[in-house]
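Okay, thanks for coming, everyone. Let me put the structure up on the screen and then walk you through it.

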Amino acid sequence: MFRKVLIANRGEIAVRIVRGLREAGIASVAVYSDADRASLAVQTADEAAYLGPSPASESYLRADKIIDAARQHGVEAIHPGYGFLSENAEFAEACEAAGMVFIGPPAAAIRQMGSKTAARKLAISAGAPVVPGTESAIVDIPDAKATARRLGYPVLLKASAGGGGKGMRRVDGEADLEAAIRDASSEALRAFQNGEVYLEKLVLEPRHIEIQVLGDRHGHLIHLGERECSIQRRHQKVIEECPSPLMTEYPELRRRMGEAALRIARAANYYNAGTIEFLVDRDRNFYFLEMNTRLQVEHPVTELVTGIDLVQWQLRIAAGEPLTVHQEDVRWSGSAIECRIYAEDPDHQFLPSPGQITRLKEPAGPGVRLDSGVYQGWTVPLEYDPLLAKLAAWGPSRDAAIARMRSALLEYGIAGIRTNRGFFIEIMDDAAFRSGSLSTAFLDEFFERRRLPEPALEAEAVAALAAVLARQQSPAPSTVPNSQWLQTGRESLLR
């Protein structure tokens, strides 16, 4: 086993990995930028290495700086977490070239599965179902139009090299296709330095269900079941659960999807932790979507339900140990739900809400798990994704897990910034959610259900009069110095 490992990441996942390393008796090295000098990960790790200025392009995305830090601290391996360089094949190769183990899959698998078009071809060769569409990137507009006509509108344009909704466009008719290809390609190029896009038939209101796989370097590969990830905003997951309510009703579907996931992973010569993502339509047909060649944000719900620690197995597999868990050993007990706690305002297009956390009261109790990267007094920076923590709740049934999650959300207190905590409480109370009626359209329908009624004309008149009176009463100048950060925040809210 390793003696010392560097974590090439930040925030809650860096803290999670530090704790996993400590449990395994391995020393940890955190990395940090200017914005993260006082981060919880830096305070928790055994050692810390400075990378550079706050922008990720000058710190967390600088493979050369990370490897230099690893050399200086004498580490034997690097854990990339998720995001940043976690699915960068060149970074994995650079780690190996520097004599350090990359705690993840082989670079060849990262590269192959990182291209959605290459991954589609591999899935087809492995006998897994895929959404009908082009097998290669679009190079000819007339051909794209012919394919779209054959598939039938609506269709979906997707970036070959990315995810998270970047480079993705829904197209409802041929008149819009050429402009949509141009726009999607431009966005993909900015986001992933690769402007290739391909075309798929749009599966309307599908469920987004992923299968967790785990394999060692000796050819032993298993799956740990599914996670339901259908509740998304702008193609970003916000609530995940294990098991999927659909699998509870149709357990045979788990077996078929699990087998398909393992065929794809074997075809890619995959090892370590990874996730095969599928779309499931209303008739329970499932289609391969993509593979995430890393640890997932939502891994805690799988750990809570299976009792298998994914980070510990990542370390052991990277060190060359065989996987001692067999497929028949995997059991699913109870139900777990995870809410991603963000510094954002759900009532204003999920606008980020950076700033200082002036008060923090964290939930606890039976079945409650909080993977957090913040503390009271910490200033949430502008430069990165505004994820604060992942709150997970386990219960012997889905209803029990929902009740525990609701209780934990009520107990969770964060002041000084806006968060989506209250938004999640509303979802826990929502009848459609509680019944398990989920799809990727869930949030759109939820916002329609909760839309506030238009104010009465009399109320509008009263509000207008109050505003006029307020302008006529000039307040005395404030003696409190104006905060430049607050002023910047106000200006961004008004854009």
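**A walk around R340**

So, let's start with one arginine. Leaving aside its neighbours within four places in sequence, R340 is in contact with K237, V238, E240, V297, E298, L387, A389, N420 and F424. Before I go on: this is a predicted model, so please keep that in mind throughout.

Where does R340 sit? It sits in strand β14. Its relative accessible area is 6%, so R340 is buried. R340 also belongs to a network of salt bridges, and the other members are E210, R227, K237, E240, E277 and E298. If you go back to the contact list, K237, E240 and E298 are on it too.

F424 was on that contact list as well, and that takes us to helix α14, residues 421–428. Which residues of α14 are buried? They are F423, F424, I425, I427 and M428.

Okay, more on charges. In general, side chains of opposite charge can pair when their charged atoms come close. How many salt bridges does the structure hold? The count is 40. I'll pick out a few.

Take E12 and K390 to begin with: they form a salt bridge, with the closest N and O atoms 3.3 Å apart. E12 is in helix α1 and K390 is in strand β21, residues 387–395, so this pair ties together parts that are 378 residues apart in sequence. Are these two buried or exposed? E12 has 3% relative accessibility, so E12 counts as buried. K390 is at 1% and counts as buried too.

R16 lies in α1, while D309 is in the loop between α11 (299–306) and α12 (310–318), so the pair ties together parts that are 293 residues apart in sequence. R16 is buried, with a relative accessible area of 10%, whereas D309 comes out at 23% and counts as partly exposed.

So what does helix α1 itself lie across? Helix α1, residues 11–23, lies across β1, β2 (27–33) and β4, and runs at about 175° to β1. Those strands bring us to an open sheet of five strands, in the order β3-β2-β1-β4-β5, with parallel pairing. Its edge strands are β3 (47–52) and β5 (101–102), each of which pairs on one side only. Inside that order, β1 (residues 4–7) and β4 (residues 77–79) run parallel and are joined by three bridges. If you want a place to look, I7 has H79 of β4 as its bridge partner.

Now a helix pair. Two packed helices are described by the angle between their axes and the distance between the axes. For α5 (residues 107–114) and α6 (residues 116–125), the angle is about 100° and the axes are 5 Å apart. That makes α5 roughly perpendicular to α6. On the α5 side the contact uses Q112, M113 and G114, and on the α6 side K116, A118, A119 and L122. By class, that is four nonpolar residues, two polar and one charged.

Last stop, strand β6, residues 155–159. Five of the five residues of β6 are buried, so the strand is largely enclosed by the rest of the structure. V155, L157 and A159 point one way, L156 and K158 point the other way, and all are buried.

Which strands does β6 pair with? There's β7 (residues 169–171), antiparallel, over three bridges, with L157 standing opposite R169. And there's β8 (residues 197–201), also antiparallel, joined to β6 by five bridges, with A159 standing opposite V197.

There's a charge pair here too: the side chains of K158 and E200 meet in a salt bridge, 3.5 Å from N to O. K158 is in β6 and E200 is in β8, so the pair ties together parts that are 42 residues apart in sequence. Both K158 and E200 are buried.

Technical notes
Residues are numbered from 1 along each chain as its sequence is written. This is a predicted model: local features need pLDDT of at least 70, side-chain atom pairs count only at pLDDT 80 or more; totals for chains, interfaces and linings use all residues. Side-chain values use heavy atoms; hydrogens and water are left out. Axes are lines fitted to C-alpha atoms, for helices over the stretch in contact, and angles run from 0 to 180 degrees between N-to-C directions. Helices (H or I, at least four residues) and strands (E, at least two) are DSSP runs, numbered from the N terminus. Angles under 35 degrees count as roughly parallel, over 145 as roughly antiparallel, 65 to 115 as roughly perpendicular and the rest as oblique. Contact means heavy atoms within 4.5 Å. Ala, Val, Leu, Ile, Met, Phe, Trp, Tyr, Cys and Pro count as nonpolar, Asp, Glu, Lys and Arg as charged, and the others, Gly among them, as polar. Two strands pair if DSSP finds at least two bridges between them. Buried means under 20% relative accessible area, exposed over 50%, partly exposed in between (1.4 Å probe, protein chains only). A salt bridge is a side-chain nitrogen of Lys or Arg within 4 Å of a carboxyl oxygen of Asp or Glu.
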